[in-house]
Amino acid sequence: MMILRGRAYKIERDNINTDEIIPARYLNVSEPEILGKHCMEGLDSDFPKKVKKGDILVVGKNFGCGSSREHAVVAIKSCGIGAVIGESFARIFFRNAINTGLPLVVSEGWSKEISTGDILEINFERGIVKNLSKKKKYNITPFPKFIQEIIKSNGLMRYLKNVKRAKDIAAR
Amino acid sequence: MGYTLTEKLLLAHTKNKTISPGEFIYASVDLALANDITAPIAIKVLKENNIDKVFAADKIALVLDHFTPNKDIQSAEQCKLVAAFAKEKKIVHFFSPTGGNAGIEHILLPERGLVLPGYLVIGADSHTCTYGALTAFSTGVGSTDLAFVLAEGKIWLRVPKTIKVIFHGKRKKYVFGKDLILYLIGKIGVDGANYKSLEFYDKVTPPLCMEERFTICNMVIECGAKNGLFPYDEITERFVKLHSKKKYKVYHSDKNAVYEDVIEIDVGGVSPQVALPPLPSNSVSVDELKEKIYIDQVVIGSCTNGWLYDLKIAARILVGRKIHPNVRLIVIPATQEIYKQALKEGIIEVFTNAGGIISPPTCGPCLGGHMGILADGERCLATTNRNFVGRMGSTKSEVYLSSPAVAAASAVAGYIVSPEEIRK
């Protein structure tokens, strides 16, 4: 996953919490297909119909605050969102996204210039976000090396496997 | 350079010689926790990755509490799956209504003496931060993180910066730990401590009791904190000795520890609080409410305020009174033990005489699961921890947060009032 291109879908709000992303009444299941159908239901019940596969969700500050439910990340991924750009992310949501391979980008104020429908291109390797529709370019601060390794492994459990494999090879 | 309490606790769980904020560490876990909502995904992750063994069957707690007693077929299936996993892996600390071990995780585990000072606890539940009251490092994570812990007994953490919070002064009547944490969240905002540790100092007269400290630590997630904790003192010691015979190690922060910020709160200036929807940070003094906020439901319970102590506070206000005819009062003792004790002490009778109904131990209504779901336009005053849009049911309903004292008084009045008000 080096370059990701997609249409922006913007929700201009801070503190979107996990109860809004996936209301608790759906936590009696864990199937991605079911959770995806109810993504953002606490905010906009038509959300899954409005987004397309590969869309990039653009949000404000403290996205994903509240409950630790990983169902929130599962729902977002399942309804087709390819990445989330936010001004900041709540701690547990950030971990859940990194751990399960949902790419996150922290904007430093520039996400305000994005409108729904803009075509964005995120180059994770080079740390650049391009707004192709508005011909704008933004630099992103790369995540710490350790986080990057988890992202490169496509999630925490694969990272664990890779580390173990490397240890096994080293022990031989 | 000295260490804060969180830095001390984290360092003790690594092989590192030193530690500093911002650094990534690989820490060993003393207790891992999951519930009927988060465990199923963790179990699935373990299966997908062909991981058969858990790191230590006696260092894992699985608690079926969110949608129990099973609210529907799907919840029953999830509980069945977790119970089967617990049996297969011989998990020592498995709690469910089956066999008489019902209870809300964050009250049940301290009650059973499973969290001790000095521990590092990781739970797949955001309110795992509650155990900081026991001078433990304790934080919430998601299911994949928990699967990793179940497999390895370890977790990656980034060392947080610490903010020191000093509560001092003489508190007014009817001001409790709940009021102090609501006041603090109101002051710093819902992301005011994002990624940070809150180190609390209790210089309050009369001092905060253990239950109040649990309430305060329980809600640090509502201002984004990674963890919150109280230093060990005689109040901690009394609680721990009452609930466990195990040995433990006590850590203290260094005198020259480095804090990112120091917040001092003179509790003498804090009145009973209520957090208006839709954020816990919308806290205001009940006395300052400009108009009468009529309510349809009152919930007293949850991992925030479901202790026997909390029930007693509410009962003291309700004794000899009746709830307002427009209000339903739902009282939820957090554990089977608390329920039994409340029965014995006549507290349950006070609630039922007042017109309240008693629910079995469950997280239930707090997260809009069951046992008190709200319809369009309904309002609830709850002693729980979140008042987000739709948290307790319809997206057109509203949740207000308060202490058990304000909740009980309001159940009588029919609108949100300070306990002083109904005593007039």
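How many residues of chain B are in contact with chain A, and how many of chain A with chain B? In this predicted model, select both chains and look at where they meet: 41 residues of chain B are in contact with 33 residues of chain A.

Stay on the side of chain B that touches chain A, and colour its helices α2 (39-48), α3 (73-88) and α5 (143-152), each of which supplies at least two residues to that side. Among the elements there, α5(B) gives the most, with 5 residues. If you then colour this side of chain B by residue class, you will find 17 nonpolar, 16 polar and 8 charged residues.

Next, turn to the largest nonpolar core, which has 191 residues, and select A:Ile76 and B:Ala42, the members that touch the most other members. Helix α13 (residues 404-413) of chain B provides the largest share of this core, 8 residues. Because domain 1 (1-270) and domain 2 (273-423) of chain B both give residues to this core, it lies between them.

Keep B:Ala42 selected and show its contacts: leaving aside neighbours within four places in sequence, B:Ala42 is in contact with B:Ala34, B:Ala124, B:Ser143, B:Leu146, B:Ala147 and B:Leu150.

Finally, move to the open sheet of 4 strands in chain B, where the order is β10-β9-β8-β11 and the pairing is parallel. Its edge strands, each pairing on one side only, are β10 (227-229) and β11 (261-266) of chain B, and the twist from one strand to the next averages 20 degrees. Strand β8 (residues 162-170) of chain B pairs with β11(B) in the parallel sense over 6 bridges; to end the tour, select B:Lys164, which stands opposite B:Val262 in β11(B).

Notes: Residues numbered from 1 in each chain as written. Chains lettered and ligands numbered in written order. Predicted model: local features only at pLDDT ≥ 70, side-chain atom pairs only at ≥ 80, totals over all residues. Contact = placed C-beta atoms within 7 Å. Nonpolar A, V, L, I, M, F, W, Y, C, P; charged D, E, K, R; others polar. Core = buried A, V, L, I, M, F, W, Y, C linked by C-beta atoms within 7 Å. Buried ≥ 20, exposed ≤ 12 C-beta atoms within 10 Å, placed from the backbone. Domains from an automatic or database assignment. Pairing = 2+ DSSP bridges. Axes fitted to C-alpha atoms, helices over the stretch in contact; angles between N-to-C directions.
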